[in-house]
Amino acid sequence: MASSISSAYDYYLTTYGSKQASRFDSHKKEELRNTVNKIKILNKESPLYKIRISDEVQKFAIDIKESARNIKNIVASFSETEEGIGAAFHKKIATSSNPDVVTAEYVGDTTFFTSNDGFEIEVLQLATPQTNIGNFLKRDEHDFLPGSYAFDLITNTNSYEFQYNINIGDTNEEVLHKLSRLVNNAHIGLKADILSTSRQMVALRLESKQTGLAPKESAIFQIKSENNPDSRNMMQILGIDAVTNAAENSSFLLNGMKHSSHSNTFTINNSFSVTLNNTSKKNEPVKIGFKPGTEAVTDDIELLVNSFNSILSVAEKHHIDQSNEKLLKDMGSISKMYASDLKAIGLSVSDNGAIQIDPDKLKESVVSEQAEQNLDILNQFKDAVGRKADEASLDPMNYVSKTLVIYRNPNSSKNLVSPYITSVYAGMMVDRIC
């Protein structure tokens, strides 16, 4: 039981935990109340089932839930205006002539840059973090004496004391790994890891997550041993108190004028969020401009199609007592219903419902004389996908094989809400239904 819970959480965190939350994941009270009411209605009318929850079933339900959530967020982003997908014609989407060097996102208005020509940026130097690399020690030797030790790590805003013990028999590598975990688990803006060489030598490396320095700063962090002979001797062996590479600011030319920043990501005139990824070749600036409206529309359509295909791939990925067939049928039926109309605008539907895009035909369809009609079809498809994703999000266990126990009495007005029916998605991490 405990391993099952752990497996579900581990799978969720490793697969989806690092994904950035969308603003559409936040809801008003009325929206949350509406969702709860939908769940109550589903629970009240649902038959009573038993579900044998294996690790694979839990992964299947998690994948459905997250894929449906992704679709809902994309559909929501296209539904903010009456134009739906067609609103992308009016979007300002930044584009870079060399994304390997500079990427940009449009985040405001273009008051400063009065035309769609954008601007040019030449990257002279990237902002870098501070790095301290300790002495290289023989991996399996015992250079550290057993005992209790401490050192201070000082930043411009805080001071931290790290205390650690070295046990009899601890090798140099074991000690360095212990210190690495100590720093990483403190979550103070530093990353620690172990460097190793082919000669069985190891060293502790500390690197700041912050880059660059303010005018009056000399370092992002300093390390000092405690003021006693044992700690000072320990620090001499470790060698992590010396700065190996100092933090530096980024340097770049913006329309020919030199600027600098503490970070490689910064905002220009509240209009563009720019990220420097690499230095430029000399006299070869990167041009930042705007995508044409046609490309913005087709990008949005590709985003919708890819999200739709992703939930079908969930069904293809999992084979649990033919559970995936219901998901394939439910989602695939939507694209098949619109198959002929979608084909006319460059979206062909395969036998399993997945959609392939013909980019040239799609671009042509959104600027043709029938563009308004074509966009109307796409908006209808978007809305249908959104409704089905909402259903899947409310009850992902609907697609899992179940054993029917008893139907609710259709003539009874006293059916009560049973929280472990549609809510078994959450309950599976707390309890088993066998």
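Rings of Phe, Tyr and Trp (its six-membered ring) were taken to pair if their centres lie within 6.5 Å, with planes under 30 degrees apart counted as stacked, over 60 as edge-to-face and the rest as tilted. By this rule the count comes to eight aromatic pairs. The model is predicted, so local features were required to have pLDDT of at least 70 and side-chain atom pairs pLDDT 80 or more, whereas totals for chains, interfaces and linings use all residues. Residues are numbered from 1 along each chain as its sequence is written, and side-chain values use heavy atoms, without hydrogens and water.

One of the pairs, Tyr106 with Phe272, is edge-to-face, at 5.9 Å centre to centre and 65° between the planes. Tyr106 belongs to strand 3 (residues 102–106) and Phe272 to strand 15 (residues 272–276), so the pair ties together parts 166 residues apart in sequence; strands are DSSP runs of E of at least two residues, and helices runs of H or I of at least four, numbered from the N terminus. Tyr106 is partly exposed, with a relative accessible area of 21%, while Phe272 is buried at 0% (buried, under 20%; exposed, over 50%; partly exposed, in between; 1.4 Å probe, protein chains only).

Phe151 and Phe162 form a stacked pair, with 5.3 Å centre to centre and 20° between the planes. Phe151 lies in strand 7 (residues 147–155) and Phe162 in strand 8 (residues 159–166), so this pair joins parts 11 residues apart in sequence. Both Phe151 and Phe162 are buried. Together with Tyr149 and Tyr164, Phe151 and Phe162 form one aromatic cluster.
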